[in-house]
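Welcome! Take a look at the sequence and structure, then read on.

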Amino acid sequence: MQIVVVRPGESIWAIANRFGVSPNVIIDINQLADSTRLVPGQALVIPNSTGYHIIQSGESIWALAGRYGVTVDQLLQANPEINPMQLTVGTRIKIPSEPKPTIETNGYLEPKGTERDAKIVKEDASALTYFSLFSYQVKKDGSLTPPKDEKALSAIQETNSMPMMVLTNFTEGNFSPDITRSIFTDNERINKLIDSVLATMKSKGYGALNIDFERIYPDDRELYNAFLRKIATRVRQAGYLISTALAPKKSAEQTGPWYSAHDYAAHGQIVDFVILMTYEWGWSGGPPMAVSPLPQVEEVVKYALSVMPADKIMMSAPLYGYDWTLPYKKGGDFAPLVDPQEAIQIAWKRGAVIQYDTEAQAPYYNYYDDAGKKHVVWFEDARSIQAKYKLIKQWKLRGISYWVLGNDFPQSWALLQSEFNIKKLR
């Protein structure tokens, strides 16, 4: 796969001719609803001859080496005829082939109990090791409120992906520290909860458990660790995998309601793997910025690697962005969520030009709405997701998790399957 950025006035047919592929192939892989509506600065995934790259304007041999995970010397040895100081646009160069790493992948799905669930499963199953159905909500007495997961589970059973049960302390629109304290401080409630979880996993065919307890009281950190040890023992004895979701910490000293009770080192010892929630730096109620800026993601991954092995770490990627109205005012209206395809459609409608922040490794653009108000949209595209895939390769992580399925981002799956083998457990 190759990523190309659309130039002003460029057409899909011109791009296809430049790369020697059919326009329909580009339209299909990028799922372009209208191929005449290209946006300047829009990133497109181009399937090209296996093992080759066609030089584009502004590219360097050093940038290409970084993109494909090879050294400059390897590129030059494979292409002795090229001058690295004078790359010619349109030249086809050979990329040294390396075995694709095998990783695990997870996608969170919020089931609605409709045919939509089955449609999402069918579309995404080939790219995912796990479907995590969000969520079974824990009550203070240790009982569970289930999601409408029947249609999703039925569809997953027809694939070779594994359903993962997600346990949360979510209630009335937020995570409740009172729920977790009620469970952690009462052995009868702990046992009742674990019994309910195992009975549900067995009866519904779940193969793994993900515990996503958030906003836990800081003083309950060791109680949470003790709970994890107990439930992990029971879950493994029953033959299932167990994982946890962790807030994006940069160090053990990081405090706050979302961070203090998440003990990275302890989780790395107790569970089979963790999912780092490396997103929501830019969030709907906060100031505009990239949702998952690469420097911040990398800081979290580096800290996790300092206290647990790489094969226990799944980093995360968002399948969405936000559309902020400017100027941003704290406490004002929340920014609506937009998926990558929707972001492109808004840019075309408003005549925007997409920019790319090379530090955050994320695309963005500005536009004015019908009322004359200025907006900024930060979202994900092929370039930003490829930068995250590069981190997985660089640090040899267990894999990647996506929040949340149902948002339209076809380029993520095309690039994922071109760069990795997806491990299947069924």
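At roughly what angle do the axes of α8 and helix α9 cross? The answer is roughly 35°, and the two axes come within 11 Å. Keep in mind that this is a predicted model. The points below begin with that helix pair, move on to a second one, and end with the aromatic rings.

**Helix α8 with helix α9**

- Helix α9 covers residues 221-237, and its crossing with α8 is right-handed.
- On the α8 side, the contact is made by Asn187, Ile190, Asn191, Leu193, Ile194, Asp195 and Leu198.
- On the α9 side, the partners are Phe227, Lys230, Ile231, Arg234 and Val235.
- Sorted by class, this contact has 7 nonpolar, 2 polar and 3 charged residues.

**Helix α7 with helix α8**

- Helix α7 spans residues 177-184 and helix α8 spans residues 187-204; their axes come within 6 Å and cross at roughly 105°.
- Angles of 65 to 115 degrees count as roughly perpendicular, and α7 and α8 are therefore roughly perpendicular to each other.
- Ser182, Ile183 and Phe184 of α7 make the contact with Arg189, Ile190 and Leu193 of α8.
- These contact residues divide into 4 nonpolar, 1 polar and 1 charged.

**A stacked ring pair**

- A pair of aromatic rings is described by how far apart the centres are and by the angle of the planes.
- The structure holds 21 aromatic pairs, and one of them joins Phe184 and Tyr224.
- Their ring centres are 5.5 Å apart with 15° between the planes, and this pair is stacked.
- Phe184 sits in helix α7 and Tyr224 in helix α9, so the pair ties together parts that are 40 residues apart in sequence.
- Phe184 counts as buried at 6% relative accessibility, and Tyr224 is buried too, at 0%.
- Ring pairs also link Phe184, Phe213, Tyr224 and Phe227 into a cluster.

**An edge-to-face ring pair**

- The rings of Tyr365 and Phe379 have centres 6.0 Å apart and planes at 70°, so this pair is edge-to-face.
- Tyr365 belongs to strand β18 (residues 362-368), while Phe379 is in the loop between β19 (374-378) and α13 (382-395), so the pair ties together parts that are 14 residues apart in sequence.
- Tyr365 counts as buried at 0% relative accessibility, and Phe379 counts as buried at 3%.

Definitions and conventions:
Residues are numbered from 1 along each chain as its sequence is written. This is a predicted model: local features need pLDDT of at least 70, side-chain atom pairs count only at pLDDT 80 or more; totals for chains, interfaces and linings use all residues. Side-chain values use heavy atoms; hydrogens and water are left out. Axes are lines fitted to C-alpha atoms, for helices over the stretch in contact, and angles run from 0 to 180 degrees between N-to-C directions. Helices (H or I, at least four residues) and strands (E, at least two) are DSSP runs, numbered from the N terminus. Angles under 35 degrees count as roughly parallel, over 145 as roughly antiparallel, 65 to 115 as roughly perpendicular and the rest as oblique. Contact means heavy atoms within 4.5 Å. Ala, Val, Leu, Ile, Met, Phe, Trp, Tyr, Cys and Pro count as nonpolar, Asp, Glu, Lys and Arg as charged, and the others, Gly among them, as polar. A crossing is left-handed if the near helix is turned anticlockwise from the far one by less than a right angle, and right-handed if clockwise. Rings of Phe, Tyr and Trp (its six-membered ring) pair if their centres lie within 6.5 Å; planes under 30 degrees apart count as stacked, over 60 as edge-to-face and the rest as tilted. Buried means under 20% relative accessible area, exposed over 50%, partly exposed in between (1.4 Å probe, protein chains only).
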